[in-house]
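Open the model in your viewer and keep the selection tool at hand. The tour goes from one selection to the next.

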Amino acid sequence: MTLDNLAETFSRVFKRAPEIEVRAPGRVNLIGEHTDYNDGFVLPTDIDRAIWITAAGRTDTLVRAHSLDFGQTTTFDTKRIEKDDNAVWSNYIRGVIREFQKRGDQVKGMDLAVSGNVPKGSGLSSSAALEVATAETCRVISGIQIDPVSMALLCQAAERQFVGVQCGIMDQFVSTLGRENAALFLDCRDLSFELVPLEMQARIVICDSRKQRSLQTSEYNKRRAECEGAVRALSPVLGDAKALRDVTPQQLDENKQLMPELWYRRARHVVTENGRVLSAVGFLKSGDIPQFGRLMYESHASLRDDYEVSCAELDILVELASQQQGTIGARMTGAGFGGCTVNLVASEAVADFQATVAEKYQARTGLKPLVYVCSPSNGVMHRKL
Ligand code: ADP
Ligand code: MG
């Protein structure tokens, strides 16, 4: 897909010229897994894979949306926005417009064409990229005043309330506020954040295990309940702790007898992972990339052993990565039970990494992995045509 294609398709489908183009990226979380719903810290970065929209305003209240990748056009009236199960991709667009309307914003009718190269359903958050691209398109075309943090929250609300996926805020936040060559250190409790320069002679390599993520939703809900259980169990001694974010590793260890061993291990992952994010930010700032990589391996071990959200395939990918010359760090990323690993690999070692890890992984699992070599990229941007 090229942007020329998208503009051309727009003109062919809608018989007019587009007025703007918008780009919103997918993302990968470098460290800080299963910390978001515990009010903790995450460190994602935008990747150079994105959703693009070209669009033009209309004088009526209709939205005509064309997906290049699904080869489908759908039309709806902004006065009556309903879900469309025959064009599921358009529900992200519909949901975002609905959320603007809930704020009292007038969203004009528009024609838009959308395409992207964020792999769908692999955990690199193509859905957030689509929401953020849509929100930026609405903002520019309808002249809506909204700050970036509110826009990210609006996109999250669209996914939770209209599409029906109970997602956290990280994906929409980094797709909206990320900057080129930086990771975004986010406090999921109060949404304060800091852009941390990612200046290194290394590439971000993402390996998609291609393992179907079957247990994900039920296990995810169990982990959330176990974390809440641990906080409740600690309340007699740590009455002020509202979430595991408020608990130190030492406090947890001193009070482990207050809870079942399983809850203790779940909580230990979260409190140590929060600590690792803070340390990782420090190492990025001081340029100590090898130490950053070590924390990625530690994060993986904690997710595998204490939180138990990894799987054989992800463990094999991390093990194979660790055996490669030039690998700085590797870990599973995303909710787990399949999905992707994220690896930091010295630039000159990337080609060998890509070939060798893929070959050995396939030999051991029978699955053909997808390997994406990424660069940290900018958050959402638009350009008038
Ligand atoms: P993830 O966010 O991990 O990629 P999701 O299941 O949350 O996976 O979102 C994927 C959905 O987002 C797709 O099924 C589709 O509806 C929508 N989507 C993603 N990319 C595109 C695209 N390029 N064009 C249209 N819709 C897309
Ligand atoms: Mg998603």
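How far from an oxygen atom of ligand 1 does a backbone N or O atom of Gly123 lie? Select both: the distance is 3.1 Å. This is a predicted model, in which local features need pLDDT of at least 70, side-chain atom pairs count only at pLDDT 80 or more, and totals for chains, interfaces and linings use all residues. Residues are numbered from 1 along each chain as its sequence is written, chains are lettered from A and ligands numbered from 1 in the order in which they are written, and side-chain values use heavy atoms, with hydrogens and water left out.

An N or O atom of the Ser126 side chain is 2.6 Å from an oxygen atom of ligand 1; for Ser127 the distance is 3.0 Å. Taken alone, ligand 1 exposes 560 Å², and the protein buries 82% of that (Shrake-Rupley method, 1.4 Å probe).

Now select helix 5, residues 170–177 (helices are DSSP runs of H or I, at least four residues; strands are runs of E, at least two; both are numbered from the N terminus). Eight of its eight residues are buried (under 20% relative accessible area, 1.4 Å probe, protein chains only). They pack against elements including strand 1 (20–31) and helix 4 (148–163) (contact means heavy atoms within 4.5 Å).

Last, go to Thr341 in strand 10, residues 340–346. Thr341 counts as buried because its relative accessibility is 1%.

How values were computed:
Buried means under 20% relative accessible area, exposed over 50%, partly exposed in between (1.4 Å probe, protein chains only). A polar contact is a pair of N or O atoms within 3.5 Å; within protein, one must be able to donate a hydrogen and the other to accept it, and residues adjacent in sequence count only if both atoms are side-chain atoms.
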